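This briefing looks at how two protein chains meet, and then at selected features within each of them. Please read it alongside the sequence and the structure shown here.

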Amino acid sequence: MMTIFRYTLGKMLGQVAGWGLSLAILGGYLLTFYDLMLEQGGAMIQLIESYPPELLAFFGDMTKLLTPGGFLHTELFSYMPLIVGFFSILAGSGLLAGDEENGTLDLVLAHPVSRMSFFTGRWLAMLAAHLGIVGLTWLGLAVGTNWSAIDVTGAELALPCLSLLALLLCFACLGLFLSMVLPSRRMAAMIAGVVLIGSFFLTGLARINEHLHAAARFTPLEYYQGGEATSGLNLGWFFGLLGAAVVLTALSAVLFQRREIRVGGEGSWGVWRPKRNRAQT
Amino acid sequence: MQSSLAIETSGLRKSYGRVQALRGLNLEVRQGEIFGFLGPNGAGKTTTIRCLLDLIRPNGGTARVLGLDPQAASVEVRRRVGYLPGELRLDENLSVDGVLRYLNHLRGGKADWKSVRDLCARLDLDPKLVVKNLSKGNKQKIGVVQALMHRPALLMMDEPTFGLDPLMQREVLRLLWEAKSDGSTVFFSSHILSEVQEVAERVAIIRQGVVVEVADTASLINRALRRVRVSFSQPVDLSGLLSVPRIRLLSQEPTSALVEVEGEIDALVKALAAYPLRDLETERPSLEEIFLAYYTTGGKEAAQ
């Protein structure tokens with residue numbers, strides 16, 4: 001299992017460094033704008049209030065922009081799931097199905113490694129990759145506070161990162177689960193991506209349209225606090241997202257255990273096509 | 001309990017939707033032999049091997065590998081088996097050495113690395129090269145090395161010489177012989193019938209998911225039809241030959257004839273003693289001809 005873990009994480013290291021360092025630099029850089037925001041507080045609030053509510057809905061409660069949590073959410077954590085979510089979905093959907101589709105899984109599973117060990121090693125590597133990205137983001141933010149007047153401790157900064165981590169894991173595991181039930185990795189990633197984007201818009205629009213509240217409750221993003229978690233992590237939401245990830249992982253593990261490892265597209269879903277009527281001559 | 005059979009399947013069935021890949025496959029491979037598995041594309045060779053390694057699960061029948069159930073003891077089976085897939089795919093970003101070390105770690109790092117280096121050298125494979133820069137043949141060599149490097153009790157190889165040049169094909173066949181000499185069982189499928197004829201002690205011919213023939217390679221060739229070209233020193237009347245059992249006159253010229261003999265040639269030689277014989281030339285059928293006969297005549301009659 002450790003060999004699988006090390007090998008998989010090794011393959012992901014480039015992405016972890018790329019995503020993590022980019023977000024760390026972005027986070028640290030954005031914090032320096034907090035001072036400017038405080039200086040121009042009144043004017044900034046007036047400007048924000050002039051924007052249409054449909055636009056503001058996607059960036060949280062912008063009237064709290066001058067609070068550390070509100071600032072972090074609006075400037076960074078509100079759109080973070082949409083950006084890093086695609087890494088999570090691709091990592092999850094490709095975790096097993098990627099190697100199956102490129103044909104390398106066949107040889108690896110012919111070695112004395114149980115499917116459960118293989119699955120666990122891979123999954124732990126995906127978890128470590130997410131911890132790496134979110135951890136680097138936290139580090140960037142923590143370092144950034146040294147050049148900003150924002151009144152937030154390193155521990156408080158960790159809370160929105162934890163909320164983000166739980167959401168990302170939820171989408172990664174959704175991608176993984178879909179890759180086990182759908183005929184291709186691409187299709188799994190596409191559907192998980194649709195869920196992510198749909199979830200983003202639905203939760204945003206639900207803030208201005210109460211008729212959408214009921215539907216928004218079924219989306220993972222509804223339980224994502226983002227920057228607002230600096231004032232206290234909602235443990236129910238946090239563990240709810242992690243619980244969903246665990247359930248999806250368990251289902252994926254069972255499906256992988258029973259899976260017929262494909263090499264040539266056998267077992268794929270047939271695509272229905274209308275029969276052609278041949279003209280008789 | 002130690003089984004004398006390395007592979008044993010009984011009534012093995014496997015379907016992919018409506019396509020029946022295996023229709024009750026019965027197969028016995030003895031420990032310590034080199035066994036050739038012949039069949040055209042889609043006959044069920046790869047499906048059989050993948051069922052034996054628990055990569056796919058059969059719909060019916062039983063299978064045992066080295067006396068173990070491949071599903072119940074899949075890890076133990078795979079620990080003792082070296083496998084070369086028919087469609088070998090490797091991590092393109094690793095070096096040859098990296099791939100081999102990774103696969104060796106999956107086996108608990110048990111391979112003797114000096115012998116791995118020796119294997120690479122014999123196959124003219126540079127361990128420092130990156131997989132994505134290798135030709136198909138060189139990738140195949142990695143497959144051969146990884147299957148052999150931990151000295152498995154059973155080698156399952158799907159088209160082991162696929163993509164290799166003739167020199168390397170011979171080297172791989174030598175490696176199979178050496179593996180057998182070290183006590184391994186070798187079970188391999190191939191389209192190249194001459195190589196099966198060269199190394200396999202027994203062969204099975206699979207057709208549409210069913211084994212239609214299992215025999216010693218030599219006896220399969222011996223008992224098959226063979227052609228005898230006879231030439232005479234003067235024109236002869238060959239009507240007397242027609243009464244000889246298991247002989248068929250295929251063509252006849254005044255001083256020559258082409259005769260087809262089923263089984264032993266003794267009766268023909270005795271019958272020809274009555275003629276002014278100048279020359280006699282026998283054409284032994286290759287395994288390829290026998291194999292093709294199974295697919296053109298429906299099987300059984302080709303072996304008789």
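A salt bridge is counted here where a side-chain nitrogen of Lys or Arg lies within 4 Å of a carboxyl oxygen of Asp or Glu. The side chains of A:E260 and B:K14 meet this rule, with a nitrogen-to-oxygen distance of 2.3 Å. The model is a predicted one, and the values below are computed from it.

**Interface of chain B and chain A**

- The rule finds three salt bridges across the interface of chain B and chain A, and between these chains there are also 14 residue pairs in polar contact, with both residues at pLDDT 80 or more.
- On the side of chain B that touches chain A, the elements of chain B that give two or more residues are strand 1 (5-16), helix 2 (74-79) and helix 3 (96-106), and the largest share, four residues, comes from helix 3.
- By residue class, that side of chain B divides into 13 nonpolar, 10 charged and two polar residues.
- The contact draws 25 residues from chain A and 25 residues from chain B, and the area buried between the two chains is about 2,400 Å², of which carbon and sulfur atoms give 56%.

**Helix 11 of chain A**

- The buried residues of helix 11 of chain A include A:A188, A:A192, A:L196, A:F200 and A:T203.
- An α-helix has 3.6 residues a turn, so residues three or four places apart point the same way.
- The buried residues of helix 11 pack against helix 6 (80-94), helix 10 (154-181) and helix 12 (213-216) of chain A.

**Chain B and the setting of B:Q140**

- The secondary structure of chain B comes to 11 helices and 13 strands, and its C-alpha atoms fill a box of roughly 75 × 45 × 35 Å along the principal axes.
- Of the 304 residues in chain B, 52% are buried, and among contacts in chain B between residues at least 6 apart in sequence, 68% join residues at least 24 apart.
- B:Q140 lies in helix 5 (residues 136-148) of chain B, and B:Q140 counts as buried because its relative accessible area is 4%, where the cut-off is under 20%.
- Leaving aside neighbours within four places in sequence, B:Q140 is in contact with B:L84, B:L88, B:E159, B:P160, B:T161, B:F162 and B:L164.

Terms used
Residues are numbered from 1 along each chain as its sequence is written. Chains are lettered from A and ligands numbered from 1 in the order in which they are written. This is a predicted model: local features need pLDDT of at least 70, side-chain atom pairs count only at pLDDT 80 or more; totals for chains, interfaces and linings use all residues. Side-chain values use heavy atoms; hydrogens and water are left out. Contact means heavy atoms within 4.5 Å. Buried area is the accessible area (1.4 Å probe) that two parts lose on being put together, summed over both. A polar contact is a pair of N or O atoms within 3.5 Å; within protein, one must be able to donate a hydrogen and the other to accept it, and residues adjacent in sequence count only if both atoms are side-chain atoms. Ala, Val, Leu, Ile, Met, Phe, Trp, Tyr, Cys and Pro count as nonpolar, Asp, Glu, Lys and Arg as charged, and the others, Gly among them, as polar. Buried means under 20% relative accessible area, exposed over 50%, partly exposed in between (1.4 Å probe, protein chains only).
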